[in-house]
Amino acid sequence: MKKIVLAITALLAFAFDLSAQRYIDTSSIVLSHKYDFELSEMAYRILPMLSVNANNHPKGWVWERGRSSALKEKGKSADFYEINKINDVEEFDGDEVANISTAWVEGVDGDGEGEFVIIPVKPLRDMENSIFRYDDSSVKYHIYYNVKNGYQQSEDLYHKNNRVKDAIIRIYAAAYELGQNDAYLRWNPDCIYEQKITLSDEVGENPFCLNSECADLLIDIPFKYLMDNVQFFFELEILSVYKGSKYSDTCICDMSAEILAIYLPKPEPIILGE
């Protein structure tokens with residue numbers, strides 16, 4: 001009987017820990033805008049990124065609400081494994097390319113199942129030239145994402161650390177208005193897409209060309225998001241990992257998402273004389 005009680009207690013504790021990973025403490029967050037609806041967890045997480053100052057953030061700015069945790073290692077800078085490292089770039093032959101010597105690393109005990117990271121989806125540079133008529137009833141966006149898995153600075157570090165195996169990806173839409181110094185939401189963000197994916201664990205001969213997951217997704221968008229100020233967010237949540245040979249830290253070297261094209265509904269025909 002004692003073993004059964006202990007087992008149930010352990011299961012409840014495990015369930016509590018998983019739910020706690022999705023929780024954000026809002027007690028110390030000061031909002032500049034008064035809302036007539038209760039903000040969701042995702043709303044609190046994305047508000048810093050939506051603000052004017054955040055969208056023009058200085059180099060080194062860390063969007064801490066955009067991840068569930070980050071590894072803090074003695075002797076390393078506070079942001080050494082932070083979320084801003086998954087979109088770190090370097091100059092190569094005059095072009096900006098992903099810096100594979102850096103990575104986001106989750107910071108909890110164990111292998112990091114349930115940990116997640118969120119990034120804004122980059123809009124098209126020229127939206128007007130990428131609008132196409134699609135059909136009478138739906139609005140669809142092409143969203144492309146790229147995940148460079150593991151710690152890709154070297155093949156040795158890649159194998160020593162955990163890599164993501166199974167994950168859930170989600171895309172959120174957020175409608176907002178700009179204030180004087182920040183932005184405020186029109187309503188809580190909606191999760192408009194969710195899918196389970198499995199990343200490969202193949203290592204090429206060149207450590208600069210390690211495995212990555214790339215996909216072009218066709219996303220249905222609710223009509224209420226046909227407005228000027230809409231920001232999409234891409235989330236990856238870790239479900240399982242490829243185990244590292246030495247460390248239990250799960251790493252993502254680089255992650256990006258961008259809109260490729262927008263599909264708008266055909267206009268209703270105008271029939272004269274009716």
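Glu 41 and Arg 45 sit 4 residues apart in helix α2, so about one helical turn separates them. The two side chains form a salt bridge, with the closest N and O atoms 2.6 Å apart. This model is predicted. The partners differ in cover. Glu 41 is partly exposed, at 24% relative accessible area. Arg 45 has a relative accessibility of 4% and counts as buried, because the cut-off for buried is under 20%.

Helix α2 spans residues 41-50 and is mostly covered. Of its 10 residues, 9 are buried. Among them are Met 42, Ala 43, Tyr 44, Ile 46 and Leu 47. Pro 48, Met 49 and Leu 50 are buried as well.

## The chain as a whole

The chain holds 4 helices and 14 strands. It has 274 residues, and 43% of them are buried. Among contacts with a separation of 6 or more, 77% join residues 24 or more positions apart. The accessible surface is about 15600 Å². Carbon and sulfur atoms contribute 52% of that surface.

## A salt-bridge network around Arg 170

Side chains of opposite charge can pair when their charged atoms come close. The salt bridges in this model number 12. Four residues are linked in one network of them: Arg 170, Glu 194, Glu 235 and Glu 237.

Arg 170 bridges to Glu 194, with the closest N and O atoms 2.9 Å apart. This pair links distant parts of the chain. Glu 194 is in strand β10 and Arg 170 in strand β8 (residues 166-178), 24 residues apart. Glu 194 is exposed, at 51% relative accessibility. Arg 170 is buried, at 11%.

Arg 170 also meets Glu 235 in a salt bridge, 2.7 Å from N to O. That pair, too, links distant parts: Glu 235 lies in strand β12, 65 residues from Arg 170 in strand β8. Glu 235 has 0% relative accessibility and counts as buried.

Asp 249 lies in the loop between β13 (241-242) and β14 (250-264). Asp 249 is buried yet has no salt bridge. The nearest side chain of opposite charge belongs to Lys 243, 9.5 Å away. A salt bridge requires the nitrogen and the carboxyl oxygen to be within 4 Å.

What does Asp 249 touch, leaving out residues up to four places away in sequence? Its contacts are Leu 71, Val 105, Glu 106, Asn 161 and Asn 162.

## Aromatic pairs and the Trp 187 loop

The whole structure contains 7 aromatic pairs. One joins Trp 187 and Tyr 225: the ring centres are 5.5 Å apart and the planes meet at 70°, so the pair is edge-to-face. Trp 187 is in the loop between β9 (183-185) and β10 (190-198), and Tyr 225 in the loop between β11 (212-220) and β12 (230-238). The pair therefore ties together parts 38 residues apart in sequence. Trp 187 is partly exposed, at 21% relative accessibility. Tyr 225 is buried, with a relative accessible area of 1%.

Trp 187 can also be placed against Asp 36. Their C-alpha atoms are 9.5 Å apart in space, while 151 residues separate them in sequence. Asp 36 lies in the loop between α1 (2-21) and α2. Asp 36 is exposed, at 76% relative accessibility.

## The Tyr 151 cluster

Phe 80, Tyr 81 and Tyr 151 form one aromatic cluster. Lys 76 lies over the face of Phe 80, 4.6 Å from the ring centre. Tyr 151 is in the loop between β6 (140-149) and α4 (155-160). Its relative accessible area is 7%, so Tyr 151 is buried.

Which residues does Tyr 151 touch beyond four places in sequence? They include its cluster partners Phe 80 and Tyr 81. Ser 101, Thr 102 and Ala 103 are also in contact with Tyr 151. Tyr 151 and Arg 163 are 12 residues apart in sequence, with their C-alpha atoms 7.7 Å apart.

Key. Residues are numbered from 1 along each chain as its sequence is written. This is a predicted model: local features need pLDDT of at least 70, side-chain atom pairs count only at pLDDT 80 or more; totals for chains, interfaces and linings use all residues. Side-chain values use heavy atoms; hydrogens and water are left out. Helices (H or I, at least four residues) and strands (E, at least two) are DSSP runs, numbered from the N terminus. Buried means under 20% relative accessible area, exposed over 50%, partly exposed in between (1.4 Å probe, protein chains only). Lys and Arg count as positive and Asp and Glu as negative; His and the chain ends are not counted. Contact means heavy atoms within 4.5 Å. Rings of Phe, Tyr and Trp (its six-membered ring) pair if their centres lie within 6.5 Å; planes under 30 degrees apart count as stacked, over 60 as edge-to-face and the rest as tilted. A charge sits over a ring if NZ of Lys or CZ of Arg is within 6 Å of the ring centre and within 35 degrees of the ring normal. Accessible areas come from the Shrake-Rupley method with a 1.4 Å probe; for residues, only the protein chains shown count as cover.
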